[in-house]
Amino acid sequence: MALALDEARLAFVRDEVPVGAVVTDAAGNVIAAAGNRTREDRDPTAHAEILAIRAACAAIGSERLTGCTITVTLEPCAMCAAAIAAARLSRVVYGAADPKSGGVMHGARVFSHSQSHHQPEVVTGVAEVEAAALLRDFFAGRR
């Protein structure tokens, strides 16, 4: 989670919503890391999770990330949760819950939907206070 928080801080500096994601293999080795780049890339799909998944797939040469974990500072939205399921990530670890736009434990609850092809293990609340504080600080400066 420390590296995901670093990616979120870098996103904050770039004036992006501060969300970071890291994909690791079964041994815990980092395969890919990314922070949000929706504004920078002018791409609404450039969420940290999507970017990290794309980079990890490219790094290992497969569209499947079986046995891998994605660690994210914020609960993935429905789009990112669907990408996580499609990539067959084995585990999702996230920090802050997102009652407004989350897609794992809130909202669409993608993994528990009957049409989900894959249900990864989900671990919540890791470094939640720090991840939530980054988001609060970011949005406080914009209101």
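Which residues in helix 1 meet which residues in helix 5? From helix 1 come Leu-5, Ala-8, Arg-9 and Phe-12, and from helix 5 come Glu-130, Ala-131, Leu-134, Asp-137 and Phe-138. Contact here means heavy atoms within 4.5 Å.

This is a predicted model, in which local features need pLDDT of at least 70 and side-chain atom pairs count only at pLDDT 80 or more, while totals for chains, interfaces and linings use all residues. Residues are numbered from 1 along each chain as its sequence is written, and side-chain values use heavy atoms, with hydrogens and water left out. Helices (H or I, at least four residues) and strands (E, at least two) are DSSP runs, numbered from the N terminus.

**The helix pair**

The axes of helix 1 and helix 5 come within 11 Å and cross at roughly 5°. That makes helix 1 roughly parallel to helix 5. Axes are lines fitted to C-alpha atoms, for helices over the stretch in contact, and angles run from 0 to 180 degrees between N-to-C directions. Angles under 35 degrees count as roughly parallel, over 145 as roughly antiparallel, 65 to 115 as roughly perpendicular and the rest as oblique. By class, the contact of helix 1 with helix 5 has 6 nonpolar, no polar and 3 charged residues. Nonpolar covers Ala, Val, Leu, Ile, Met, Phe, Trp, Tyr, Cys and Pro; charged covers Asp, Glu, Lys and Arg; the others, Gly among them, are polar.

Both helices also lie across strands. Helix 5 lies across strand 3 and strand 4, at about 60° to strand 4.

An open sheet is formed by 5 strands in the order 2-1-3-4-5, with mixed pairing. Strand 2 and strand 5 (121–123) are the edge strands, and each pairs on one side only. From one strand to the next, the twist averages 15°. Two strands pair if DSSP finds at least two bridges between them.

| Strand pair | Sense | Bridges |
|---|---|---|
| Strand 1 and strand 2 | antiparallel | 5 bridges |
| Strand 1 and strand 3 | antiparallel | 4 bridges |
| Strand 4 and strand 5 | parallel | 3 bridges |

Some partners can be named. Ala-21 stands opposite Ala-34 in strand 2. Val-23 has Ala-32 as its bridge partner in strand 2 and Ile-70 in strand 3. Val-92 faces Val-122 in strand 5. Strand 1 and strand 2 form a hairpin with 5 residues between them, and Gly-28 in the turn has a positive phi of about 90°.

Is strand 1 buried or exposed? It is mostly covered, with 5 of its 5 residues buried. Buried means under 20% relative accessible area, exposed over 50%, and partly exposed in between (1.4 Å probe, protein chains only). Gly-20, Val-22 and Thr-24 lie on one side of strand 1, Ala-21 and Val-23 on the other.

**The core**

In soluble globular proteins, nonpolar side chains tend to be buried together. The largest nonpolar core here has 38 residues. A nonpolar core is a set of buried Ala, Val, Leu, Ile, Met, Phe, Trp, Tyr and Cys residues joined through side-chain atoms within 4.5 Å. Val-23, Ile-53, Leu-65, Ile-70, Ile-84, Leu-89 and Phe-111 touch the most other members. Elements giving two or more residues include helix 1 (2–13), helix 3 (48–60) and helix 5 (128–140). Helix 3 gives the most, with 7 residues.

Ile-53 touches Val-23, Leu-65, Ile-70, Ala-83, Ile-84, Ala-87 and Leu-89, not counting residues up to four places away in sequence. Ile-50 is in helix 3. Ile-50 is buried, at 10% relative accessible area. With the same exclusion, Ile-50 touches Thr-45, Met-79, Cys-80 and Ala-83. Its C-alpha atom is 8.8 Å from that of Ala-21, 29 residues apart along the chain.

In helix 4, Cys-80, Ala-81, Ala-83, Ile-84 and Ala-85 are buried. Their cover includes helix 3, strand 3 and strand 4.

**Two arginines with positive phi**

Most residues other than glycine have a negative phi. Arg-88, in the loop between helix 4 and strand 4, has a positive phi near 60°. Arg-88 is partly exposed at 23% relative accessible area. Arg-109, in the loop between strand 4 and strand 5, has a positive phi of about 45°. Arg-109 is partly exposed too, at 44%.
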